[in-house]
Amino acid sequence: MNVSPANYRKALVMAAIVAALSAVTGCHKKDKAVNPATLGPAPVSAPAPTATLTADPAAIDVGQSVVLNWRTTNATSVTIDGIGEVPANGTQTVSPSTSTDFHLTAKGDGGSTEANVRVTVRVPQAPSAGNGEGDMGSEAAFHQNVKDVFFDYDSYDLRPDAQSSAQTAASYLNSHPAIKIVIGGYCDDRGSAEYNLALGENRANAAKTALVNAGVAASRIRVISYGKEKQFCTEENESCWQQNRRAQFSLDR
């Protein structure tokens with residue numbers, strides 16, 4: 001086949017261009033793939049700290065002590081408000097004068113956490129003026145408000161006047177809770193000693209029941225029967241016998 005000189009030159013130019021392009025392409029290297037095994041283990045985050053705080057006992061009277069007990073993990077710094085920096089685990093005795101919230105903060109490489117406990121301090125309240133708390137009162141005031149009650153012949157039922165006296169007595173005793181009393185049961189001298197001892201006890205218990213029903217604690221009342229062995233009046237008439245048929249109230253000192 002005959003090729004003209006012009007076409008031959010074109011063919012030479014194209015061959016040169018193709019060779020140049022092949023050389024450029026052949027010089028470009030592919031990036032190597034990264035092998036994960038050569039990078040080592042992934043970094044591990046530090047565990048978060050934990051903390052507990054307790055108080056034993058949780059409630060005390062003023063002047064008493066309480067033991068704080070705390071436990072932490074993964075903590076490099078532990079503090080308790082009002083105490084300061086403390087070991088990671090420990091106990092401490094404290095004597096708060098008022099109810100207090102104890103606050104613990106634990107810090108570590110993994111962050112921080114908190115724990116709280118409340119200690120209740122019971123402070124006795126001073127009695128209000130005039131309420132009679134812890135006040136025995138005077139003996140004169142006692143007898144003015146707590147009067148003896150009287151009974152009919154051969155009876156231990158409280159009469160209306162005795163019921164009224166018992167209510168007044170209960171009101172005074174309830175306002176003076178420190179007072180304890182003795183109720184003595186008495187009889188006139190008619191009848192046997194044994195019968196009158198039983199009757200006197202029934203009369204004392206009837207008076208006690210009236211006070212208890214009006215709110216006076218039974219533990220504050222003691223009863224005793226004197227029967228006819230002790231007489232307030234020794235004349236043989238109804239007026240005198242009435243004086244001897246009674247339940248007498250006395251301070252139990």
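Start by selecting Arg220: leaving aside neighbours within four places in sequence, Arg220 is in contact with Leu173, Asn174, His176, Pro177, Ile179, Lys180 and Ile181, where contact means heavy atoms within 4.5 Å. Before going on, note that this is a predicted model, where local features need pLDDT of at least 70 and side-chain atom pairs count only at pLDDT 80 or more, while totals for chains, interfaces and linings use all residues. Residues are numbered from 1 along each chain as its sequence is written, and side-chain values use heavy atoms, with hydrogens and water left out.

Stay on Arg220 for a moment. Arg220 sits in the loop between helix H4 (193–213) and strand S11 (221–227); helices (H or I, at least four residues) and strands (E, at least two) are DSSP runs, numbered from the N terminus. Arg220 counts as buried at 10% relative accessibility. Here buried means under 20% relative accessible area, exposed over 50%, and partly exposed in between (1.4 Å probe, protein chains only). Show the side chain too: it reaches the backbone oxygen of Leu173 at 3.0 Å.

In that loop between H4 and S11, pick Ala218 as well. Ala218 is partly exposed, at 37% relative accessibility, and touches Lys208 and Val212, not counting residues up to four places away in sequence.

Now colour H4. Its 21 residues reach 30 Å from first C-alpha to last, close to the 30 Å expected at 1.5 Å a residue (the expected span is 1.5 Å times one less than the number of residues). Which residues of H4 are buried? Select Asn196, Leu199, Gly200, Arg203, Ala204, Ala206, Ala207, Ala210 and Leu211. They cover an arc of only 150° around the axis, so they are on the same side of H4; the arc is that of the directions from the helix axis to the C-beta atoms. Over on the other side of H4, Glu194 and Asn213 are exposed. The buried residues of H4 pack against strand S9 (149–150), helix H3 (160–175), strand S10 (181–186), S11 and strand S12 (246–251). Just past the end of H4, Gly215 has a positive phi of about 105°.

Hop over to H3, with 16 residues and a reach of 23 Å from first C-alpha to last, close to the 22 Å expected at 1.5 Å a residue. Ala162, Ala166, Ala169, Ala170, Tyr172 and Leu173 are its buried residues. Look down the axis of H3: these fall within an arc of 165°, so they line one face of the helix. Their cover includes helix H2 (139–145), S9, S10 and H4.

Next stop, the open sheet of three strands: its order is S1-S3-S6, with antiparallel pairing (two strands pair if DSSP finds at least two bridges between them). Strand S1 (50–56) and strand S6 (90–94) are at the edges with a single partner strand each, so one side of each has no neighbour in the sheet. S1 and strand S3 (residues 66–73) pair over seven bridges, and Thr54 stands opposite Asn69 in S3.

Most residues other than glycine have a negative phi, and most peptide bonds are trans. Asp56 and Pro57 are joined by a cis peptide bond, with omega about -5°. Asn74, not a glycine, has a positive phi of about 60° and is partly exposed at 40%. Asp154, in the loop between S9 and H3, also has a positive phi of about 60° without being a glycine.

How values were computed
Polar contact = N/O pair within 3.5 Å; in protein donor to acceptor, adjacent residues only side chain to side chain.
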